[in-house]
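Colleague: I have not looked at this one before. Can you walk me through it?
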Amino acid sequence: MQRQLEEFIRALRAADVRVSPAEAIDAARALTVTGYGDRELFKDALCVSLAKSPDEVARFDQVFETFFTREPLSAGAPPPQSAAREGEAQEGQPPSSEATQGSPLAQMLLSGDAAALAQAMEEAAQRAGVAEIRLSTQRSRMTRRLLEEMGIGEIEQIIAAAKRQAEGRALAERLDERRKGLVAEAQAYVERQHSLYAAGSAKSLREEMLAKKALNADGGIDPVDLAMMQALVKRMAKRLADRYSRRRHIANKGHLDVRKTLRKSMAHGGVPFEIEWKLKKIEKPSIVAICDVSKSVAAAAQFLLTFLYSLNEVVDRLDAFAFSGRLISVNDILDEHGVEAAILKVLTAIGFQQTDYGKALEDFCDEHLDRLDRHTTVIILGDGRSNFAEPRLDLMKQIHDRSRSVIWLNPEPESYWNQGDSVMHRYERFCHVAKHCNTLAQLERIVEDVLRTYVPH
Amino acid sequence: MTVSATTARTAAAANPLASVDGLIEGLASVDYIASRRIATALYMAVNLQKPILVEGSAGVGKTELALSTARLLRLPLIRMQCYEGLDESKALYEWKYGKQLLYTQILKDRLGDTLAEANTMDEAMARLHGMGDLFFSEPFLEPRPLMRALNEDAGCVLLIDEIDKSDEAFEAFLLEVLSAYQVSIPELGVITAKTPPFVFLTSNNVRDLGDALKRRCLHLHIPLPDAALEEKIVATRVPDIESRLGKELVAFVQSLRTLDLRKAPSISETVDWARALVLLHASSLDPALVKDTLNVILKFEQDIGAVEPQIVELLQRRPT
C-alpha cells in the first residue's frame with residue numbers, strides 16, 4: 001500500500017497539487033489512524049492532509065477517482081450466450097486446454113477471470129513502468145510493453161500454432177477475439193495512467209515555453225495559446241499583488257513602542273523622555289507607465305497592455321498612458337473595463353498609427369509632467385523607432401531629471417537598437433535602465449524589481 | 001433511570017472522539033450538523049494532534065465549528081481575532097510595564113541602602129549582581145490568548161479567527177506555536193504547552209496563506225451545504241419552524257445561490273431568515289413576505305434589486 005500511496009502522491013503532483021515530503025508522511029500517518037477499510041473515510045483523510053485549497057480539493061477528487069477506480073475488465077467477461085457456446089466447444093475440444101497450457105494469460109482469457117486479469121495487468125504495469133509515462137507519444141510503446149509483460153507473445157504463438165491445425169481454428173478465433181479485447185483494455189489503462197501522470201506536466205511545460213516565448217515572434221502569439229497566455233499574465237500579476245500588498249501593510253504601524261521607550265527612559269530615572277514608535281517606513285512606488293501601441297510593436301502591444309492592466313490592479317498609484325501618433329491617458333479605460341475590452345478600446349482609440357516619439361513626449365510633458373516627482377518610476381514600453389521624426393531628447397531629459405528612475409523596456413533585442421529608424425541608443429542615455437524585454441518571464445522580473453522600489457543607478 | 005443506564009450514557013458521551021460517526025452524533029448533540037468530511041477532518045485533527053485550517057465563504061459555520069467543538073469536549077474556548085497589525089505583544093504576551101517601572105523605583109530606593117555600606121566600586125557591583133534579576137520574570141508577564149492557551153492545564157480549544165487578515169510576519173510567528181505547541185520568549189526561553197490545545201484557524205481567503213502555514217495544518221473547506229443538509233441545520237437551529245416552511249425556505253435560498261449575486265446567502269443568513277419568519281408567524285412563503293424580508297438574506301442593494309423582480313418565478317421553481 002505504501003507504494004500505491006507514493007504513486008498516488010506522484011499523480012497528485014502531476015495534477016499541480018503541491019505535496020511536500022512532510023505532507024506525504026502526514027498522509028501516511030493519517031492512514032494509520034483511519035485504516036483502509038472505509039473508502040469514504042480513506043478519501044477524506046487523504047484529502048484533509050494533502051489538498052490545501054478549494055481548488056486543490058477539486059483536483060484531488062478528480063485524481064482520486066481516476067487513480068483508485070478500477071473498472072472491471074470487460075475482456076475477461078464473455079457475454080452469457082457465448083459462454084454457453086464456449087462450454088460446448090470446450091467439451092468438444094479437449095486439446096484446446098493442452099494448447100494453452102504454457103500460458104497462464106491464455107487460460108485467464110479463456111476462462112474469463114476478470115479479477116485475475118486485472119491483477120495481472122497491474123503487476124505487468126509495474127514491471128513495464130507504465131507510471132513513468134511522460135509524453136503522449138509514449139502511449140503506444142507503453143501499451144505494447146505492458147502487453148508483452150503480460151505475456152501476449154505466448155498468446156500470439158498459440159494462435160499461430162492453432163491456426164495451422166484444422167481443429168484448432170475455433171480456438172484461434174476465440175483467442176484472437178479475446179486478444180483484441182485485451183489490447184483495447186491495455187490501451188485504456190495506459191491512457192488513464194497518461195492522464196494521471198503526464199497530462200498536467202505537459203501543460204506546465206507548455207506554460208513554461210509560453211513564458212519564455214518572444215512576444216514579438218513571427219506571427220505573434222498563436223491564438224490557441226492566447227487564453228493560456230492571458231491566464232499566465234493574470235497569475236503573475238496576482239503573485240505580485242500578493243507579495244506587494246503584504247509588504248505595504250507592514251508600514252501601517254505607528255504604535256508606541258513601549259518596550260523601547262521604557263528602556264530609553266531608564267537613563268532618565270524612569271521618566272519616558274524619549275518616545276520610540278514602532279515604525280517601519282516603506283516607500284510606496286508610484287509608477288508612470290507609457291506604452292507604445294504603434295504598428296511596429298503591434299505583436300507585443302497586446303501583451304504589454306495586458307500587463308499594464310494587471311499592474312493597474314496591483315499598484316495603487318499607477319498612471320498609464322498609451323501612444324502611437326499622439327499620447328492619451330488610459331487610466332479610465334483600464335479602470336472601467338475588463339481586460340479584453342480595455343485592450344480593444346485602447347487599440348481602437350490610439351493604436352496602430354505611425355509612431356512619433358517626439359510628439360508623444362511633447363503631449364506627455366505638456367499635460368502630465370506634474371505627475372512626475374522624485375518618487376516616481378517611469379516605465380516606457382516601446383521599441384524606440386521614431387520613423388525618422390525628431391526624437392525630442394530635451395523632453396526625455398526633462399522626464400529623466402524630474403523622476404526617480406526611468407526604465408525603458410524594449411521588445412527588440414539590443415543588436416537591433418539604432419538600426420534603421422531606431423533611436424534607442426540616444427534615448428538610452430536618459431534611462432537608468434534600458435532592457436531588452438520580450439518575454440513574459442522577463443517582464444515579470446522587471447516589474448517585480450520596480451515594486452521592490454529598487455532604484456537603479 | 002437506573003444507575004447503569006446513566007453510566008453507559010456518560011461513557012458514550014464522554015468519548016465522542018472515538019470514531020467519525022461518534023463525532024457527527026456528538027456535534028449534533030451540541031446543535032452542529034456536520035457533514036462527513038467535516039467530522040473526518042476533526043477526527044484526524046484529534047488523532048494526529050494537528051491544527052485545522054477551515055476555509056469557506058462568510059457564514060458557512062467556520063467559527064461555529066470551533067465553538068461547538070469546545071462545547072462538545074467541555075473545554076474552555078480561547079478566541080483570538082486576527083486583524084491587520086496584530087503582533088505578538090497582543091497575541092502572545094506583553095510585559096507589565098507599569099509594574100516593571102514600579103519595581104525599578106523600589107529597586108532604586110533599596111539600592112541606595114544596600115550599596116551605601118559598600119566601600120569600593122567592585123564591592124558595590126558584587127552586591128548588585130547578588131540581588132537577583134526579577135525585571136524579566138514570569139510575575140511581570142501579561143499572558144495574551146496564545147500564551148493562555150498554552151498554559152491551560154487540561155487543554156483548550158484555541159480559535160485563531162480570520163488568520164488571513166493578519167500580516168505575513170504574524171503568520172510566520174504562528175508556525176512555532178502550531179507545529180510544536182511552544183513559544184520562545186527571548187528573555188525567558190521556551191515555554192511549552194502543558195496539554196496541546198486543539199487549534200482551529202479560519203480563513204476567508206482575503207489573501208493567500210503561506211505554504212509553510214498550510215503545510216502544518218489539516219485543510220478543511222466547508223462548501224455551501226446541499227438542500228438536505230441545510231434543512232437539517234435549519235431544523236436544529238430554529239426548532240420552532242414548521243417543517244414545510246423550512247423546506248420552502250431552503251429551496252428558495254438554494255435557488256438564490258444559482259443566481260449571479262455579489263454575495264450569495266450562506267447558512268447563517270438562512271438561519272437568520274428562518275428566525276425572522278418564525279417571529280412573523282409565517283406559515284408559508286408568499287411573494288409579498290419574501291419581498292419584505294429579502295434584506296435578511298441579501299446584503300447588497302444591487303442583489304436585492306436584481307432578485308426582487310424574479311421572486312415570483314423563483315418561488316414557482318421550487319419543488320412541491
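Modeller: Start with α2(A), whose buried residues are E23(A), D26(A), A27(A) and A30(A). Bear in mind that this is a predicted model.

Colleague: What do the buried residues of α2(A) pack against?

Modeller: Elements of two chains. From chain A there are α1 (2–14) and α3 (39–50), and from chain B there are α3 and α10.

Colleague: What span should α2(A) have at 1.5 Å a residue?

Modeller: Helix α2(A) has 14 residues, 21–34, and should span 20 Å. Its end C-alpha atoms are 20 Å apart, so the two agree. Just after the helix comes G35(A), with a positive phi of about 80 degrees.

Colleague: Chain B came up there. How many residues of chain B are in contact with chain A?

Modeller: 27 residues of chain B, and they meet 27 residues of chain A. On the chain B side, α3(B) gives the most, with seven residues. The elements giving two or more residues to that side are α3 (36–48), α6 (97–116), α9 (168–180), α10 (211–216) and β9 (218–221) of chain B.

Colleague: How do the residues on that side of chain B divide into nonpolar, polar and charged?

Modeller: Ten are nonpolar, seven are polar and ten are charged.

Colleague: And chain B in general, how many helices and strands?

Modeller: Chain B has 16 helices and nine strands. Of its 320 residues, 32% count as buried. Of the contacts in chain B with a separation of 6 or more, 75% are between residues 24 or more positions apart.

Colleague: Change of topic. How many residues are in the largest nonpolar core?

Modeller: 121 residues, and those with the most contacts inside the core are L12(A), L146(A) and F200(B). Helix α11 of chain A, residues 169–197, gives the most to this core, with nine residues. From chain B, the core draws at least three residues from each of domain 1 (10–90 + 144–221) and domain 3 (227–315).

Colleague: What does L12(A) touch?

Modeller: Leaving out residues up to four places away in sequence, L12(A) touches V17(A), V19(A), L50(A), F60(A) and V63(A). There is also a second, separate core of 56 residues, which includes Y309(A), L381(A), L395(A) and I399(A).

Colleague: Back to L146(A). Which other buried residues does α9(A) have?

Modeller: Besides L146(A), the buried residues of α9(A) are M142(A), T143(A), L147(A), E149(A) and M150(A). The face turned away carries the exposed residues S140(A) and R141(A).

Colleague: What covers the buried residues of α9(A)?

Modeller: The cover includes α7 (104–111), α8 (114–128), α10 (152–164) and α11 of chain A.

Colleague: One last residue. Why does E208(A) count as exposed?

Modeller: Because E208(A) has 12 C-beta neighbours inside 10 Å, and 12 or fewer counts as exposed. E208(A) sits in helix α12 (residues 199–212) of chain A.

Note on methods
Residues are numbered from 1 along each chain as its sequence is written. Chains are lettered from A and ligands numbered from 1 in the order in which they are written. This is a predicted model: local features need pLDDT of at least 70, side-chain atom pairs count only at pLDDT 80 or more; totals for chains, interfaces and linings use all residues. A nonpolar core is a set of buried Ala, Val, Leu, Ile, Met, Phe, Trp, Tyr and Cys residues joined through C-beta atoms within 7 Å. A residue is buried if 20 or more other C-beta atoms lie within 10 Å of its own, exposed if 12 or fewer, and partly exposed in between; C-beta atoms are placed from the backbone. Helices (H or I, at least four residues) and strands (E, at least two) are DSSP runs, numbered from the N terminus. Domain bounds come from an automatic or database domain assignment. Two residues are in contact if their C-beta atoms, placed from the backbone, lie within 7 Å. Ala, Val, Leu, Ile, Met, Phe, Trp, Tyr, Cys and Pro count as nonpolar, Asp, Glu, Lys and Arg as charged, and the others, Gly among them, as polar. The expected span of a helix is 1.5 Å times one less than its number of residues.
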